[in-house]
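Subject: Model handover and notes

Dear colleague,

Please find the structure below, followed by my notes on what was found in it. I have grouped the notes by topic, so that they can be read beside the model.

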Amino acid sequence: MPRVVLLGPPGSGKGTQSEWVAHSLGVPHLSTGDLLRAAVREGTKLGLEADRFMREGRLVPDELVLAILGDRLSMPDCRDGFLLDGFPRNEVQAEALDRIAPIERVLSFEIPESALLERLTGRRSCPKCGTVYNIHTRPPRVADHCDNDGATLVHRSDDHEGAARTRLEVYRRETAPLLAFYAGRHVLFPIDATGAPDEVAARIRRVIG
Ligand code: AMP
């Protein structure tokens with residue numbers, strides 16, 4: 001039963017790789033960031049509470065994230081495994097996850113921090129099909145418009161420089177210690193996350209088989 005986590009700093013490319021990895025493992029892709037953004041868009045009580053933390057690039061309180069993820073994990077399609085992207089982000093979440101469903105593999109996206117700020121602030125995504133671009137390294141053919149469907153690309157509010165810097169600090173302080181947590185459980189698989197998406201994909205393929 002594949003229960004896999006993609007762990008890495010914001011901008012390390014987890015979101016870019018997650019769909020095909022989930023598909024090849026035959027499990028659903030669960031991104032807590034996507035679940036929270038959907039709650040914000042829908043204006044649910046939880047979404048309203050989460051919104052201000054997200055805008056500032058801070059972690060949403062554990063009880064909110066655990067509630068939204070717990071609901072999703074209890075759906076039937078998660079019975080035979082799942083791919084988590086953006087969760088856990090701290091030790092409280094990792095221990096909670098251990099109690100719900102122990103993880104068998106953690107793919108750790110390794111990339112020098114100097115590359116991340118440009119990746120984050122340059123990121124634009126299509127609100128219709130989800131394709132992710134970067135104005136520096138992977139620009140769309142027509143500025144600000146999706147190659148697939150022409151929709152106007154979105155610059156996430158937390159990808160602006162101030163919030164992006166906060167997210168990198170939060171990662172360093174709260175999430176990076178999970179590398180030792182999972183190494184101690186012998187489930188950590190480092191992935192070199194530098195270079196083009198297809199190079200990173202080839203390295204992941206060698207690990208997941
Ligand atoms: P992401 O799309 O994974 O970069 O997440 C965007 C934002 O959603 C983060 O900066 C946090 O504010 C919030 N978020 C996503 N996942 C979590 C989590 N596991 N714990 C706390 N906050 C989260």
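Contact in these notes means heavy atoms within 4.5 Å, and helices (H or I, at least four residues) and strands (E, at least two) are DSSP runs, numbered from the N terminus. This is a predicted model, in which local features need pLDDT of at least 70 and side-chain atom pairs count only at pLDDT 80 or more, while totals for chains, interfaces and linings use all residues. Residues are numbered from 1 along each chain as its sequence is written, and side-chain values use heavy atoms, with hydrogens and water left out.

Helix packing

With contact defined in that way, L46, E49 and A50 in α3 meet L64, A67 and I68 in α4. By class, this contact of α3 with α4 comprises 5 nonpolar residues, 1 charged residue and no polar ones (Ala, Val, Leu, Ile, Met, Phe, Trp, Tyr, Cys and Pro count as nonpolar, Asp, Glu, Lys and Arg as charged, and the others, Gly among them, as polar). Helix α3 spans residues 45-56 and helix α4 residues 62-73, and the two pack at an angle of about 135° with their axes 11 Å apart; axes are lines fitted to C-alpha atoms, for helices over the stretch in contact, and angles run from 0 to 180 degrees between N-to-C directions. That angle makes α3 oblique to α4, given that angles under 35 degrees count as roughly parallel, over 145 as roughly antiparallel, 65 to 115 as roughly perpendicular and the rest as oblique. The crossing of α3 past α4 is left-handed, a term used if the near helix is turned anticlockwise from the far one by less than a right angle, with right-handed used if clockwise.

Helix α4 also packs with helix α2 (residues 32-42), at an angle of about 100° and with the axes 10 Å apart, which makes α2 roughly perpendicular to α4. Here T32, L35, L36 and A39 in α2 meet V65, I68, L69 and R72 in α4, and the residues of this contact divide into 6 nonpolar, 1 polar and 1 charged. The buried residues of α2 are T32, G33, L36, A38 and A39, where buried means under 20% relative accessible area, exposed over 50% and partly exposed in between (1.4 Å probe, protein chains only). These buried residues of α2 pack against β2, α3, α4 and β3. After α2 comes G43, whose phi is positive, near 70°.

The sheet

An open sheet is formed by 5 strands in the order β2-β3-β1-β4-β7, with parallel pairing; two strands pair if DSSP finds at least two bridges between them. Because β2 (29-31) and β7 (188-192) stand at the edges with a single partner strand each, one side of each is left without a neighbour in the sheet. Neighbouring strands of the sheet are turned by 20° against each other on average, direction ignored.

Going along that order, β2 pairs with strand β3 (residues 82-85) in the parallel sense over 3 bridges; L30 stands opposite L84 in β3, and S31 has D85 of β3 as its bridge partner. The parallel strands β1 and β3 are joined by 4 bridges, and V5 has L84 in β3 as its bridge partner. Strands β1 and β4 pair in the parallel sense over 4 bridges, with L7 opposite S108 in β4. The parallel pairing of β4 and β7 runs over 5 bridges, and the bridge partner of V106 in β7 is L188. From β3, F82 and L84 point one way and L83 and D85 the other way, and all are buried.

Local backbone features

The peptide bond from F87 to P88 is cis, with omega near 0°, and P88 is found in the loop between β3 and α5 (91-100). D144, in the loop between β6 (132-134) and α7 (161-175), has a positive phi near 70° although this residue is not a glycine, and at 44% relative accessibility D144 counts as partly exposed. H186, in the loop between α8 (178-183) and β7, likewise has a positive phi, near 60°, in a residue other than glycine, and H186 is exposed, with a relative accessible area of 71%.

With kind regards
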